[in-house]
Amino acid sequence: MTMPEHQSPWMNEELNIMRDAVRKFINKEFVPKSEAWDKQGYVDREAWQQAGAAGLLCASIPAEYGGGGGDFRHEMVLVEEFSYANISGFGNGVHSGIVAHYVNSYGSEEQKKRWLPKMASGELVSAIAMSEPGTGSDLQAVKTTAIDQGDHYLLNGQKTFITNGASADLICVVAKTNPDEGAKGVSLLMVEAAACEGEGGFTRGRNLEKVGLKAQDTSELFFDDVKVPRENLLGEGEGRGFIQLMEQLPQERLIIAAGACATIEAALKLTSDYVKERKAFGKRLLDFQNTQFKLAECYTEARLARTFVDDCAMKLAAGELDDTTAAMAKWWITQKQCEIVDECLQFFGGYGYMMEYPIAKMYIDSRVQKIYGGSNEIMKLLIARDI
């Protein structure tokens, strides 16, 4: 696939070199395996180690902990390139963009040295366990409990829709250390799967079959009297979890928005190439006024999305992105992703509905973007609070 050409204002020579290297790596190592990963329902473990060796993991984590020493702009390059290549199953956005930053921001020096280098190398794959069968965007209402037993916590509960859930070695679990409290009772515990799987009370449910994101392992997780060492509490003292989540969610939401923007651009490039070649009634599809008008609308919205997400990326890299703006970017750009990819698929006709055409994969992968990371309805509620 020929990638859309743009030069975002946050890009520089170093990031251009990185983009070129990442693109070559993905096209060589991941694209040929993408179809097999979709069919088997997960990305091969070897892919994580390859990505680690190539420097694709923990790009914005300090070098002293094994990371790339970059900032959010480096994560943006990765998010975009995976989207341009239509690789939706590799859960690095969660691993590097989210979990690694919880550890880096709130972990003790010992915790950072213990986990981050192995996350950067791909030896450890990570996940964050927020959602429960009865609780999605309302994180104050989680039912999972972690009761203090002195030298350890006793963890009980169930999580679902967990990205990297089937393969994760290190799981950041949102739990109530004080079940009688709302937000003030929430804490984050780092669960090391190898220490408590099976007889330790931690089990994984089946790899959930989804509408899209076929190669992304998404699982249920069960905790039955799991002993989590007290030193695995993230942050200084209990009850800090909700604040930690709120501080990191803008980055998570921008990662989603950035992926949405890149998918829009890739879909439009694919479609533009197609309508220039495909003929109907003796004319190219592009020569019909309907095609021209529809694509003109889509390209305009794509430019607006790009301008918005670039502005947010620069603000986040400078530590200035506020919750409301991140919520705006998340809901609006993912909404446009679903609308524009649907418009693009229509131009392909019956071929667009065939999975051998990349636009079909983009279509089914796009729908979840309006749900995870906080549903778009929740995003609008957050924005409304600022009115």
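A salt bridge is taken here as a side-chain nitrogen of Lys or Arg within 4 Å of a carboxyl oxygen of Asp or Glu. The model is predicted, so that local features need pLDDT of at least 70 and side-chain atom pairs count only at pLDDT 80 or more, while totals for chains, interfaces and linings use all residues. Residues are numbered from 1 along each chain as its sequence is written, and side-chain values use heavy atoms, with hydrogens and water left out.

Across the whole structure, a search finds 25 salt bridges. One of them joins R306 to E80, with the closest N and O atoms 2.9 Å apart. This pair links distant parts of the chain, since R306 lies in helix α9 (residues 289-317) and E80 in helix α4 (residues 72-84), 226 residues apart; helices (H or I, at least four residues) and strands (E, at least two) are DSSP runs, numbered from the N terminus. R306 is buried, with a relative accessible area of 7%, and E80 is buried at 0%, where buried means under 20% relative accessible area, exposed over 50% and partly exposed in between (1.4 Å probe, protein chains only).

A further salt bridge forms between R284 and D287, whose closest N and O atoms are 3.1 Å apart. Here R284 is partly exposed, with a relative accessible area of 29%, and D287 is partly exposed at 35%. Salt bridges that share partners also join R19, R23, E80, E81, E265, R306 and D310 into one network. The side chains of K33 and E29 meet in another salt bridge, at 3.9 Å from N to O; K33 is partly exposed, with a relative accessible area of 25%, whereas E29 is buried at 18%.

Turning to the strands, S126 and I128 point one way from strand β1 (residues 126-129), A127 and A129 point the other way, and all are buried. In a regular strand the side chains alternate between the two faces of the sheet. β1 pairs with strand β4 (residues 170-176) in the parallel sense over four bridges, pairing being assigned if DSSP finds at least two bridges between two strands. Within β4, V173 is the bridge partner of A129.

Finally, Q244 is found in helix α8 (residues 241-277) and is buried, with a relative accessible area of 4%. The side chain of Q244 reaches the backbone oxygen of L234 at 3.2 Å. Leaving aside residues up to four places away in sequence, Q244 touches Y102, Y106, L188, L234 and G235, contact meaning heavy atoms within 4.5 Å.

How values were computed
A polar contact is a pair of N or O atoms within 3.5 Å; within protein, one must be able to donate a hydrogen and the other to accept it, and residues adjacent in sequence count only if both atoms are side-chain atoms.
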